[in-house]
Amino acid sequence: MTDSAWLRLVGLTKRFGGVSAVDDLDLEHRAGGVLGLIGPNGAGKTTVFNMLSGAILPTSGRIELDGHDVTGLRPDQMNGRGVSRTFQNLEIFGSLSVIDNVLVARERYVRGGALGAMLGLPSGRRAAREQEAFARELLARNGLVGLADEPAASLPYGLQRRVEVARALASQPRLLLLDEPLAGLSRAESTSFATLMDQVTDEGVTVLLVEHDVTTVMSVSDRVVVLDHGSLLADGPPDAVAADPRVRAAYLGEELDA
Ligand SMILES: Nc1ncnc2c1ncn2[C@@H]1O[C@H](COP(=O)(O)OP(=O)(O)OP(=O)(O)O)[C@@H](O)[C@H]1O
Ligand SMILES: [Mg+2]
């Protein structure tokens, strides 16, 4: 155990019937940077995210964040602790405009303000203007300039993915969980991802990145953890993990040789 651990998983376990999706996982991470989480299909990556975001309860084990036991908190409570996520299968509000997708994630900042805005109170109008300015800035940073008022569902898939990331950032998370943010994107659409990771981590956000595009994971991560059958197979700097014979045998061989 190290004192500098900011995120700590202790014996984290999730069983579905007879399947141990996550099996007695111990992991410590200090704040900051990108932690890549990779592994074959069914390794338990999304299940880890589901527990970290409060979507499902662990069967056993503990999650600590910044010295607090946050095991079993609800999604809104985890969000209140600074945890925010995107989903493997894109989840945005298709019928809402792009900017409203971001603004819904700002609701906890405008309590009272939203009502005040509806009633036409000056303080409420000011709060609403501030939120809109914040949202527009976030859209700009995510390459969504000029699209604020479009229905989210009308955007090409790659841009919808960006809307989801912008919404996840809107609650100003300390821990951002990205579950395959590049899935379904072309090379060209993926190019700005490294820049976004730099920006986000420069602001002190810790990113947990699940992504099948191993080349990208290796290039943007400070540390890479490999899961296999719910357990830790390898853990270290990207180069060391990529060279690990067990990792290559279990998972990476073909992809890295390709
Ligand atoms: N809600 C569920 N009910 C039953 N089994 C589940 C459930 N969610 C996940 N599993 C099982 O748990 C294991 C881990 O699944 P998980 O989705 O976490 O893997 P993953 O590493 O994200 O895989 P992928 O790379 O395909 O997204 C798999 O065997 C999966 O079938
Ligand atoms: Mg998954």
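A residue counts as near a molecule or strand if its C-beta atom, placed from the backbone, lies within 6 Å of it. By that criterion the residues around ligand 1 are Phe16, Val19, Ala21, Gly39, Asn41, Gly42, Ala43, Gly44, Lys45, Thr46, Thr47 and Gln88. The model is predicted: local features need pLDDT of at least 70, side-chain atom pairs count only at pLDDT 80 or more, and totals for chains, interfaces and linings use all residues. Residues are numbered from 1 along each chain as its sequence is written, while chains are lettered from A and ligands numbered from 1 in the order in which they are written.

**Ligand shell**

- β2 (19-29) and α1 (45-52) each supply at least two residues of the shell around ligand 1; helices (H or I, at least four residues) and strands (E, at least two) are DSSP runs, numbered from the N terminus.
- α1 gives the largest share of this shell, three residues.
- The shell around ligand 1 divides into four nonpolar, seven polar and one charged residues. Here Ala, Val, Leu, Ile, Met, Phe, Trp, Tyr, Cys and Pro count as nonpolar, Asp, Glu, Lys and Arg as charged, and the others, Gly among them, as polar.

**Helix α1**

- Eight of the eight residues of α1 are buried, where buried means that 20 or more other C-beta atoms lie within 10 Å of the residue's own, exposed means 12 or fewer, and partly exposed lies in between, with C-beta atoms placed from the backbone.
- These buried residues are Lys45, Thr46, Thr47, Val48, Phe49, Asn50, Met51 and Leu52.
- α1 lies across β3 (34-38), β6, β7, β8 (206-210) and β9 (223-228), and runs at about 145 degrees to β7. Axes are lines fitted to C-alpha atoms, for helices over the stretch in contact, and angles run from 0 to 180 degrees between N-to-C directions; two residues are in contact if their C-beta atoms, placed from the backbone, lie within 7 Å.

**Six-stranded sheet**

- An open sheet of six strands has the order β6-β7-β8-β3-β9-β10, with mixed pairing; two strands pair if DSSP finds at least two bridges between them.
- β6 (83-85) and β10 (231-236) are the edge strands, each with a single partner, so one side of each has no neighbour in the sheet.
- On average, neighbouring strands of this sheet are turned by 20 degrees against each other, direction ignored.
- Three bridges join β6 and β7 (residues 175-179) in the parallel sense, and arginine 85 stands opposite leucine 177 in β7.
- Helix α8 (residues 193-202) lies across β3, β7 and β8, at about 145 degrees to β8.

**Four-stranded sheet**

- The open sheet β2-β1-β4-β5 has four strands and antiparallel pairing.
- β2 and β5 (68-69) are at the edges with a single partner strand each, so one side of each is left without a neighbour in the sheet.
- β1 (residues 7-16) and β4 (residues 60-65) pair antiparallel over five bridges; arginine 8 stands opposite glutamate 64 in β4, and leucine 9 has isoleucine 63 as its bridge partner.
- β4 and β5 run antiparallel and are joined by two bridges, with glutamate 64 opposite aspartate 69 in β5.
- The hairpin of β4 and β5 has two residues between the strands, and in this hairpin aspartate 66 takes a positive phi near 55 degrees.

**Domains**

- The protein is divided into domain 1 (1-82 + 173-258) and domain 2 (93-170), with bounds from an automatic or database domain assignment.
- Nine residues from domain 1 and eight residues from domain 2 form the contact.
- The side of domain 1 that touches domain 2 has four nonpolar, four polar and one charged residues.
- The C-alpha centres of domain 1 and domain 2 lie 27 Å apart.
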